[in-house]
Amino acid sequence: MAGVHEQERFDRFFAFDEDSESEDISLDELEEELEEHKDYDVLITILKNGEKQRGLATLVEGNLGHIEESLIEDYIEDNDSLALLHEQIHECDIILSQIGSILSGFQVHIGSISSEIRSLQVKSLDISVQLKNRKLVETKLAGFVEEIIAPPGLVDILVNGEVNDGYARSLEILSKKLKFVQVNPMINASKALKDINQELERLRQKALSKKHRYLVLFLKEHGSGTYGDLCASYVDTMNKILSTYFRVYVEALERMKLDIGVSSEHVIDIITRGREHLRDHRFMFSLGERANILKEIEQPGLVPQISQVNSRKYPYEVIFRSLQKLLMDTASSEYLFIEAFFGEESLFYQVFEGPFAVIDQHLDLTLSNCHDAVCLMLMICITRKHQLVMSNRRLPCLENYFDKAVMYLWPRFKVVFDMYLQSLHQCDAKTLWIDGTHPHHIVRCYVEFTASLVQLNAECGDGQLDMNLERLRSAIDGLLVRLSQNFTTPKLQHLFVLNNYDMAISVLKEAGDEAKNLQRYFEEKLESNMMAFVDDLLTEHFSDLLRFVRSHVSEDLLFYTKHSNIAELEPVVKNFAMKWRGALEVMHNEVVTTCSNLLSGMAILKAAMAQLLNDYNRLSECVKKIPGGSALNRHLVSITSISYEIRKYSRAL
């Protein structure tokens, strides 16, 4: 086989085509080839023997042909095996490709798993740190909770237990808890302590009262003189402390008071100065947001230090509520202590003689200078609600104080209320009159004042205000009449009153259901004045029509009150036909511009046009029934035309 291979190499190097002689042969390359194959036996033999190249080539080609035939026969014999081998190799390529894809997917998946493992390692480390921190916090929090909580058993012993060794041990535990909360400033700032601190304080006070209560009982039964000295000393000390406390608080509250009422003797002073001056004292007449204080009746009182920093001022009812709130809370605590420690209710009233005197002195001075009726009524409502609060607490200690406060407030309210009424009766309508038919600002103030009193009366009235509200309503009516007399025509007078009644209804609607009765009263007044104004409006533009039909034809067209002839009818019919469209337009423009409420203006215009249509229909019927009336038919305006024009103005509104 080695010889065969060498022969093949030789053939490759020395095989020439028939036309090879025509090609250029590079001797350099030949020398390189000879040098490279100088060790081949065939080449050495050829060179030594000097055989001709072409003969050798022929010999080589012959050998190659035999070899080729042999190889073809071998290939044919092994064809099936080679085809099978080819298929197997192809299948192996596919399998290897799939395995490669799978391995690539594994590689990517393993990479993501590696990233997740690293992430989990980081999270595991964080969780480990968090767990360690939480265990540390849990340990400290458990100790904190253990120190501040009062177990039910401890509470039961301190409240209901006998004073014995077990009671002493419970006192020792309570003492440790009280010391614990006083040592660390951070503990004092905790919200948990704020929740429990009040209960710990109650336990402390209960323990103190119980520990010494037996000594007080012993003194009361076996040492009356010493017991009397003890009571006198306690009353004197607490009276001075509480009196000073309330005096300082009252002085601080007075610096925060917002002056709303006038300081003059009569409210009429602010009325006669005009709209701008009245606006500065609008809170004297309007309740508004001041009513919110009745919803905050048990909220904490004012803290003077905070309010002074903010430079805030408050209506006096806010100050009054804060003062009474402090009184209620202080009195409740002191009453319960005296009842539990001394067992004598009378000591409470002796202790509070000083605080009551401070408050009475303050109210005497304040009420005598208060000219704000809304404030006084709010104070009455606040006192009523505070009475209910103390009743719910089942503490009777302030009943006399509240009754006395109401006795102070009602007379002063009636004095100020009469001052308001007097200002209405005495005011000069000519001085207050403003040229215009829109609602008067004085009337609006008093309607708002009425609505405020109605609301407060419904909140906590006891019937004392009902008669005064009737007097106030009558005074408003009287003022409206006097103001309306400044107008030169009845039509303007009715329009002015009508606009004011409409304004009053709008204000009373905002007051809610409590003002329904008063609202209905003004609605009736509005209706009557509306019809009078409609009559004035029609008389101004269609006087001859109204005068004729109302003197000759009944409204139901059933009979004629006076015989008429064509001479009387002709000028009426022609005059109406000539000016009715222009008159309707003038009426429309006048109502739109002079009525303060568009809805009321629409109602007025509809009523006027309906009345006009009815009167003209009566005139048309009269024309049909008199002798020779057909001569006027060409001057009559059809009811359809009038109705169409009326609907046009109604849509415009």
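Trainee: Which residues form the negative surface patch?

Mentor: Please bear in mind throughout that this is a predicted model. One member of the patch, E68, lies in helix α4, which spans residues 53-77. E68 counts as partly exposed because its relative accessibility is 49%, and membership requires over 30%. The residues that form the negative patch are E68, E69, E73, D74, E77 and D78.

Trainee: How many helices and how many strands does the chain have?

Mentor: The chain has 653 residues, of which 38% are buried. Its accessible surface comes to about 38,400 Å², with 55% belonging to carbon and sulfur atoms. As for secondary structure, the count is 27 helices and zero strands.

Trainee: Among contacts with a separation of 6 or more, what percentage is due to residues 24 or more positions apart?

Mentor: A contact here requires heavy atoms within 4.5 Å. Of the contacts in the chain that have a separation of 6 or more, the share from residues 24 or more positions apart is 78%.

Trainee: Where is N499 placed, and is N499 buried or exposed?

Mentor: N499 is in helix α22, residues 490-510. Leaving aside neighbours within four places in sequence, N499 is in contact with T437, H438, P439, T594, C595 and S596. Because its relative accessible area is 1%, and the limit is under 20%, N499 is classed as buried.

Trainee: How far apart are the closest N and O atoms of K240 and D236?

Mentor: Side chains of opposite charge can pair when their charged atoms come close. K240 and D236 both lie in helix α10 (residues 224-254), four residues apart, or about one turn of the helix. K240 is exposed at 52% relative accessible area, whereas D236 is partly exposed at 38%. The two form a salt bridge, and the distance between their closest N and O atoms is 3.4 Å.

Trainee: What separates E470 and R473 along their helix?

Mentor: E470 and R473 form a salt bridge in which the closest N and O atoms are 3.0 Å apart. Both are partly exposed, E470 with a relative accessible area of 40% and R473 with 21%. Because they are three residues apart in helix α21 (residues 466-484), the separation is about one helical turn.

Trainee: Why does the pair R290 and E317 tie together parts that are apart in sequence?

Mentor: The side chains of R290 and E317 meet in a salt bridge of 2.8 Å, N to O. R290 lies in the loop between α12 (275-280) and α13 (304-310), while E317 belongs to helix α14 (residues 316-341), so the parts that this pair ties together are separated in sequence by 27 residues.

Trainee: Which residue is linked with R290 and E317 in a network of salt bridges?

Mentor: The count of salt bridges comes to 12. R290 is buried, and E317 is buried as well. The residue linked with R290 and E317 in a network of salt bridges is D372.

Methods: Residues are numbered from 1 along each chain as its sequence is written. This is a predicted model: local features need pLDDT of at least 70, side-chain atom pairs count only at pLDDT 80 or more; totals for chains, interfaces and linings use all residues. Side-chain values use heavy atoms; hydrogens and water are left out. Patches are made of residues with over 30% relative accessible area and no salt bridge: like charges are joined within 9 Å, nonpolar side chains (Val, Leu, Ile, Met, Phe, Trp, Tyr) within 5 Å. Accessible areas come from the Shrake-Rupley method with a 1.4 Å probe; for residues, only the protein chains shown count as cover. A salt bridge is a side-chain nitrogen of Lys or Arg within 4 Å of a carboxyl oxygen of Asp or Glu. Lys and Arg count as positive and Asp and Glu as negative; His and the chain ends are not counted. The place of a charge is taken as NZ of Lys, CZ of Arg, CG of Asp or CD of Glu. Helices (H or I, at least four residues) and strands (E, at least two) are DSSP runs, numbered from the N terminus. Buried means under 20% relative accessible area, exposed over 50%, partly exposed in between (1.4 Å probe, protein chains only).
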